[in-house]
Amino acid sequence: MTAEVEPEWQPEKIGVDGDCPNCGDAALARYPVVAVGGWMEVVKCQRCLISVSRKPWHRSGFITLPEFEMEER
Amino acid sequence: MTMTPEVPTRLVGVDVGGTFTDVMAIVDGEVVASKVPTDLYATETSVLKGAEEVGVSQASVFNLASTAGLNSIITRSLPKIAFLTTYGHRDMLERGRLWRPFEALTNPNWRRGISDGSRPLVPRYLRRNIRERMHANGDVLVPLDAEQARAELELLAECDVQGVAICLLHSYANPSHEIQLRELVHDVLGDVVCSISSEVSPLAQEYPRASTTTVDLLMKLKYTDYTARLEKGLADLGFTGEFNYADCSAQLMPAEYAMDKPHRLVVGGPAAGTVATAHFGTFIKETDLLAADVGGTSCDISVVLNGEPWVNSYFELEWDLVITALSTEIVTLGAGGGSIVAIGRSGELMVGPDSAGATPGPVCYSKGGTAPTLTDAALAIGILMPDRFLGGKVPLDVDLAVDSFERLDSSLVTSERIRQAWLIGLHNIAEGILDLAVRRGIDVRDFSLVACGAAGPMMLPGVLDNLPLKSVIVPPNPGGFSALGLLSADRVYSESKTLYGLIDERNVASISELLERMERELLDRAGVEARNVRVVRTFDARLQGQGWETPFISLPSGSLSAASVAPMVEAFHTEYKRRTGNKFDQFPVEGVTYRVQVIVPSDKVAYHPLESRGGGAVPVAARRALAHLYPDGADANCYERDALRRDDEIVGPAIIWEAMSTTFVPLGRKALVGEYGEIRIS
């Protein structure tokens, strides 16, 4: 018995100009991740996975409610 | 005290502690002890130094309980490793069992020590998902996606990881994906160290399996070089005998075998006292014993039942850091000679759990300590002699001890402060022992308490006033008794594996096949004939539908057949009733984990009988007034332990001196010297 695996959803990774301070590769990308501190927008090297920057993102990630939008306004 | 190995040889046992490395050797029938300061940055240098001091070159056996691995985990001095698991489960190392400690139930800021918000063993970016899925019955649900796995590994290659731990769901039922993934790891990352859960701990429940596999990998990275350095160092010292490590239940395993699954070594020392107690019990014909090792900071309590230490199937290094390995259950109380006496918020006297430690130590050491301790109380009472502490190496100042009690902010008179502090310290220990006994369903009236550690013989006889124990037994050489446990154990090869299934005629053949295969593999590994070893089989099982198991149910030897089912089921219900007080024999029984231990008898310490005095009084070395403890005062006779003979009877209050310990027989108690020099107080 085997199961079909549907392609998983991945957040869009937006390329960022510049070189990785760790490996020097021009493979920086910006995208949201959720970790122990909540949702973060990170810039990470896609080659060596070093985080170049991390800042808090929307507190409920991709889920948006009208009151959140009002708070952000 | 004369002790010899059962065969004429020299045995060396080494217990690496956080402050000192204790080395015990039996040389020409005498115990030779050495204490070397532990070099925390290179513990093997302390081990080798101690080994040299006791003449390891002439030893046939060298047994080591090491805390090097434990220290590296506690301090997180860990190599960079990766963790691979089934897609979507990489955060299981962060979640643990999702349990919170009682004190954190209402604290939203609490974080488990291994979480990403604290000090993770593997940071999140090095925990990677692998697309695959195994069914619980071992069928492949989603085949391993080698291409995706290779991409993840290529990413890890850029991160310079030194090792890879692999724990895929249900790999205990079918390890093929883990084996395939390990090959990919070596393809992409080269010769990095790799631990797979289906070999390290092929047991159900993915989180304990994952944490055990991760710790196993860390220990492999720590101990492989460590062992090589030790072996070389020992060879340079001229040692050519057996080199064994002690595992978490202080059983011995050859160093080479230990390196297969080094997570079993992570807490190697504390169980040695329990093993020493069980071994000594065989000489004095006591099979049900409580062991209490009272040192400067803590009191370690454990149980020996039917001649065997009480063992658990897992333990925690810290909250939720679970290791599935057999380990002796030890309850540690903050009650030792160095426990600090303080005044609480309501003005009450409190003892422990804070300790003065070795530095500055009790006030009477004159090393700058200001808070009174139980050692200060014992000195003020007169149990300790100022000029005989630790063989006279540490002079004690009585005036400083009494003065420290006078400075406490209490409405009690000084004499009462000292008396109450002493009694509270004893009460704390009694409470800890009773807690353990109730939890384990044992009746303390059937148990004797073996008092070891430097402070054990001084404090524990007083516990008889709080607990109806059979007796308190002070073994020979109580100060170094725990380290002697490393010279009291057998070599053990063990394996365990999960196999879900009802215990019935349909499944008994597969259970039998599993047990026989494990037994065969262990015998091959040990390189011994079956007739020269003892094989112990046990299983963990549950009532059908339960979510927890009753462990260590004994199994018959040889091939199992349909006729074995009824005794197995009955053995489960009997053990279940013994542990819980209930019996539900109308429910079917489901087997979960099966265990085999191959026990190879080893050279051990042997205790030799004392001669009796053959008439005449026991020689009294001195007479001493006891202060504070008894309202009407009392004078105690003092005895030298070396001068005691079998069947000598001593009436309390009395004090018995020896180099590394002092035994106190309280007023109204009687001490009888036993066949092997043990002092039995009742």
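Modeller: Start with handedness. A crossing is left-handed if the near helix is turned anticlockwise from the far one by less than a right angle, and right-handed if clockwise. In this predicted model, H10(B) crosses H12(B) in the left-handed sense.

Colleague: Which residues of H10(B) and H12(B) make the contact?

Modeller: Contact means heavy atoms within 4.5 Å. H10(B) brings Leu374(B), Ala377(B), Ala378(B), Ala380(B) and Ile381(B). H12(B) brings Ile418(B), Ala421(B), Trp422(B) and Gly425(B).

Colleague: At what angle do H10 and H12 of chain B pack?

Modeller: Angles run from 0 to 180 degrees between N-to-C directions, with axes fitted to C-alpha atoms, for helices over the stretch in contact. Here the angle is about 125 degrees, and the axes lie 9 Å apart. Under 35 degrees is roughly parallel, over 145 roughly antiparallel, 65 to 115 roughly perpendicular, and the rest oblique. H10(B) and H12(B) are therefore oblique.

Colleague: In what order do the strands of the open sheet in chain B run?

Modeller: Helices (H or I, at least four residues) and strands (E, at least two) are DSSP runs numbered from the N terminus. Strands pair if DSSP finds at least two bridges between them. The order of the 4 strands is E7-E6-E10-E11, with parallel pairing. E7 and E11 of chain B each have a single partner strand, so one side of each lacks a neighbour in the sheet. The twist averages 20 degrees from one strand to the next.

Colleague: How many bridges join E6 and E10 of chain B?

Modeller: They pair over 5 bridges. Ile81(B) stands opposite Gly163(B).

Colleague: How are residues numbered?

Modeller: From 1 along each chain as its sequence is written, with chains lettered from A and ligands numbered from 1 in written order. Local features need pLDDT of at least 70, side-chain atom pairs count only at pLDDT 80 or more, totals for chains, interfaces and linings use all residues, and side-chain values use heavy atoms, leaving out hydrogens and water.
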